[in-house]
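Please consult the sequence and the structure shown below.

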Amino acid sequence: MTRRDVFEYALLRVVPRVERGECFNAGVLVYCRAHSFVAARTYLDEAKLKALDPHADVVGVRAALRAVEGVCGGGAEAGQAAGDDAGRRFRWLIAPRSTVVQPGSVHSGLTTDPAGEVDRLLDLLVR
């Protein structure tokens, strides 16, 4: 029997006008403690963004989504979080915030392939 490990994930939501609360999914964060794995994949639907806010800063939203991916990847791209372990980076990224890019609720599951879950969840819940 193939070993399955617990993983956690949260959606990344774009909230173009925080005061209105309207949002759409633009990415997913996945963390698996057993594999010391954390990753994010993003996909920005510009048409949805412009539908919610015709004056939205597309470049700024893309930069915020890339920053989340960078923190997950560690190294220089992670900034101050570069020295943190995967779990700490995940917990920092899922902390509630009132910004244009916000994490959703955390969910869990079982997987044999945490990296594969990132792409699977992006296709299932974002694209």
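Which residues of the largest nonpolar core touch the most other members? They are Val14, Leu29, Leu44, Leu49, Val61 and Leu65, out of 25 residues in that core. The model is predicted, with local features requiring pLDDT of at least 70 and side-chain atom pairs pLDDT 80 or more, while totals for chains, interfaces and linings use all residues. Residues are numbered from 1 along each chain as its sequence is written, and side-chain values use heavy atoms, leaving out hydrogens and water.

**Nonpolar cores**

- A nonpolar core is a set of buried Ala, Val, Leu, Ile, Met, Phe, Trp, Tyr and Cys residues joined through side-chain atoms within 4.5 Å.
- Val61 is in contact (heavy atoms within 4.5 Å) with Val14, Leu44, Leu49, Val100 and Val101, leaving aside residues up to four places away in sequence.
- Another core, of 12 residues, lies apart from it and includes Phe7, Tyr9, Phe37 and Ala39.

**Cysteines**

- The model has 0 disulfides, a disulfide being a pair of cysteine sulfur atoms within 2.5 Å.
- For Cys23, the nearest cysteine sulfur is that of Cys72, 19 Å away.
- For Cys72, the nearest cysteine sulfur is that of Cys32, 14 Å away.
- Cys72 counts as buried because its relative accessibility is 3%, whereas Cys23, at 40%, counts as partly exposed (buried is under 20% relative accessible area, exposed over 50%, partly exposed in between, with a 1.4 Å probe and protein chains only).
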